[in-house]
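User: I have a model open and want to go through a few of its features. Can we start with a sheet and then move on to the surface and the charged pairs?

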Amino acid sequence: MTSLPPPDRDPIETPRAVKPRNLALGIERIGFFALSHRVLCALAFVVLCTLAAIGFARVKVDDSLSQLFRSDTAEYRTYAEVTRRFPSNEFDVLIVIEGDQLLERPSLLNLRELAVELQLLDGTRGLISMFSAREPPGDDQIPAPLFPNPLPQGADYQKLMERVMANEIIRGKLLSPDGKLALMVLALDPAATGPDRLSGVVGTVRKELAAHLAGTGLKGELSGVPVMQLEIRNAIQRDRLIYNALGFAVGCLIAIIFFRRLSFMIIAAAPPLAAILLALGALGWLDFSLNIFLNVMTPLIMVISFSDSMQLTFAARDRLLAGDDKATAFRNALLIVGPACVLTHGTAGLSFIALQFSASDLVRTFGEAGMIAVAIALVAVLLGVPLLGVLLIRNEAGFVAAVRGMDSALDVLRRTCGWIAVHMVARPGLYSLISLIVVAILSLGYAQLEPRYRLADQVPDREQAVQASQRLDLKLTGANPFDVYIQLPQGVSLYAPETLALVAEVHALLEQQPGVGNVWSLDTLRRWLAEKAKKSDVETLKQYVELLPPHLTRRFISAEQNAEIVSGRVPDSDASQLLTIVDRVDQQLNRLRAQHPDYKIAITGLSVIAARNSALMINKLSDGLTVEIVFVAAFIGFAFRSPLVMLISILPGLLPIVLAGSLLWVLGQGLQFASVIALTVSFGLGLSATIHFLNRLQIEDIDPDPAVGVERATILVGPPLILTSAVLACGLAMTVLSSLPSLRLFGWLSAFAMIAALIADLFMLRPIATFLSKVARQRSWRSPVRSSTE
């Protein structure tokens, strides 16, 4: 075992000769163009950044709640058809009003006035509330409102409240059984839900609600798809500014602390900033829209490009301290670190390619955008770092004189890395065996993960929409639609006896399902007429359907009157729990399908497609992660032209995934969309440290004892690897500030995986590389790290 350099000796003061290598097909040499054509490259960057700024302004926000499940499947096509023909759920604002004084006369006066004012707002089509209910119809007369004007007082008011609480139209649907929560459904005009109008409309509704509830002791909150979309849109736009800026600021702070020079901080930080602007600008020009996943593209670009920018800057700085002039220093940095930078971007690209295995259009789009961003980031770093280096560094000799003796922070990192290397290569076989056992045990925990999905995880949980939905789940069985779509055969009337009988059977079936409530359909009106008016003839039913406002009838009858919806509500529970209800109802509907073969009967609704598709899609993404591990390991082995390098990279690459997965299992969170994507992307990013180490090891591996090369490579690349891992973790951890639960999960899990990747690199990769290299040499195999240079 060799000893490390003494404390007073710089371990890189005698740099090894840099040999051109074909590790990355020479792609890193595009950085030479910036060294020889400085003015041209600078002008090109200015022009491209200007065009990118214009493209960035074109980026739109996709706030659709169904975006995650967009796919070319029968279930989604049915959902899209129902949404188009019965658009009420997509445009309903749910107004939840709660309080002990809800049914007191002063409160009802204010609520009725609120109902009138809301219907007069610009951009609304109508309102459904308990004030929409009517008394039983008389002979040939339009039924009177259930709540007369003026409201009675005294004993008559108490009798009215008894009738209200017993009214089957509103009880359990628009008024909770305990009389303490009321629901108003405000139908918006589709045009009012556009990005330019929705905020104003919802803001006006909030003002009216606050004004009419003031002094009543009642609490009002808004929910529904438009409100959720607005909150998602606001969260995406707000988060993009806040946590991206914080992540970048933390990276800059780390850079200036360790580089001790503003110029080097700019050299390291400016190319990632340009990469962010260029990538987002390109996505804008290509008509990509920001969504819950693409919103993390900015920190991902930052961490990918910042990592390699730091590596290049460190390498150039070391060459300057070794006596190179600035042009030679950055040229040698490109030759030393450039191939690893290309490979790290390549592995990140493979991570995004793995997402193409998903059935979700959203996830595939995220993968496509990621591949574009990775390519742009690579070019920005390889050109930007040397360009800024030769432009900003003025006096090489003065820099060397000023910096020497001021590297106390870096010296601490070097000594720490040296200490780790000495101890890890002391017993490489034992530590390699321990690494294998640890990964195997953690893999068992990862295997226990089950798919999880809740709609609330896609919506800001610090806003009104989720809180209001939770109250509806508790008091009115839920706010999420659970619909049965009935398509009539061509030429069959809506009021045909078979159609009415089928609708009645489906309605009764849904009402009897545990977990499904608030069932509405044409049969609701038919039952009310038969019970209260003693009229069950078709003509009376037609007459009352025609009397109802269009915004109400379109909730369960299509405009062409050739399709109907039987609509229920379910709480926002985990998709696995809801899938049990979906499967049970679907199985019971098979009997009706057999009795009415000419009718199309399908269960649909956002909660239904989420229950059916989420587990399948998450499992496919998890399978794609397995494919990614195989491809990335093979890619690294191919790049280094050594099967042993492929074996060396497997265990350190697996540890972050199985460790993070086991943590999810311990926390009981399961495998969600955000977590599986975080693990997929983190695997590619986490291998950055492995690639940079192996790249440096093949330069330093000239001693017969492989431990010597491992020790020296660790001292040389360890400090920048630790710093870049810190930057990666800080950049991703900034997403924990988001109000979107899915982004918070993505952020902290990715940051945790980055730290786990650093641990794997320092404490697993070193002994494994030493052990397998010794085995290879003892059996006269080619060295796994020398083979690419031979």
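User: What is the strand order in the open sheet of four strands?

Analyst: This is a predicted model. The order in that sheet is β8-β9-β7-β10, and the pairing is antiparallel. The edge strands, each pairing on one side only, are β8 (517–520) and β10 (600–604).

User: By how much are neighbouring strands turned against each other?

Analyst: On average by 15°, with direction ignored.

User: How many bridges are there between β8 and β9?

Analyst: Two bridges pair β8 with β9 (residues 563–570), in the antiparallel sense. W520 has S567 in β9 as its bridge partner.

User: And how many join β7 to β10?

Analyst: Five, with the two strands running antiparallel. Y485, for example, has A602 in β10 as its bridge partner.

User: Is β10 largely enclosed or open, and why?

Analyst: β10 is largely enclosed by the rest of the structure, because four of its five residues are buried. Buried here means under 20% relative accessible area.

User: Which strands does α21 lie across?

Analyst: Helix α21 (residues 606–640) lies across β7 (480–487), β9 and β10, and runs at about 95° to β7.

User: Switching to the surface. Which residues form the nonpolar patch?

Analyst: The patch is formed by L253, I256, I257, L262, I266, L391 and L392, and together they have about 550 Å² of accessible area.

User: Which helices supply it?

Analyst: At least two residues each come from α7 (225–259), α8 (262–285) and α11 (361–392). α7 gives the largest share, with three residues.

User: Where is I266, and what does its accessibility make it?

Analyst: I266 sits in helix α8. Its relative accessibility is 33%, so I266 counts as partly exposed.

User: Now charges. How many salt bridges does the structure hold?

Analyst: There are 21 salt bridges. One of them joins D100 and K180, whose closest N and O atoms are 3.6 Å apart. That pair links distant parts of the chain, 80 residues apart: D100 is in the loop between β2 (92–98) and α4 (105–119), and K180 is in the loop between α5 (154–166) and β4 (181–188).

User: Are D100 and K180 exposed or partly exposed?

Analyst: D100 is exposed, with a relative accessible area of 61%. K180, with 34%, is partly exposed.

User: What does R197 form a salt bridge with?

Analyst: With D122, the closest N and O atoms being 3.4 Å apart. Distant parts of the chain are linked here too, 75 residues apart: R197 is in the loop between β4 and α6 (198–213), while D122 is in the loop between α4 and β3 (124–128). R197 counts as partly exposed at 30% relative accessibility, whereas D122 is exposed with a relative accessible area of 63%.

User: Back to α21. Where does R612 find its salt-bridge partner?

Analyst: The partner is D586, and the closest N and O atoms are 3.2 Å apart. R612 is partly exposed at 23% relative accessibility, and D586 is partly exposed with a relative accessible area of 21%.

User: Which residues do shared partners join into one network?

Analyst: E81, R85, E560 and K600, joined by salt bridges that share partners.

Methods. Residues numbered from 1 in each chain as written. Predicted model: local features only at pLDDT ≥ 70, side-chain atom pairs only at ≥ 80, totals over all residues. Heavy atoms only, no water. Pairing = 2+ DSSP bridges. Axes fitted to C-alpha atoms, helices over the stretch in contact; angles between N-to-C directions. Contact = heavy atoms within 4.5 Å. Buried < 20%, exposed > 50% of the residue type's maximum accessible area, 1.4 Å probe, protein only. Patch = residues over 30% accessible without salt bridge, like charges linked within 9 Å, V, L, I, M, F, W, Y side chains within 5 Å. Areas by Shrake-Rupley, 256 points an atom, 1.4 Å probe, with all protein chains shown as cover. Salt bridge = Lys/Arg side-chain N within 4 Å of Asp/Glu carboxyl O.
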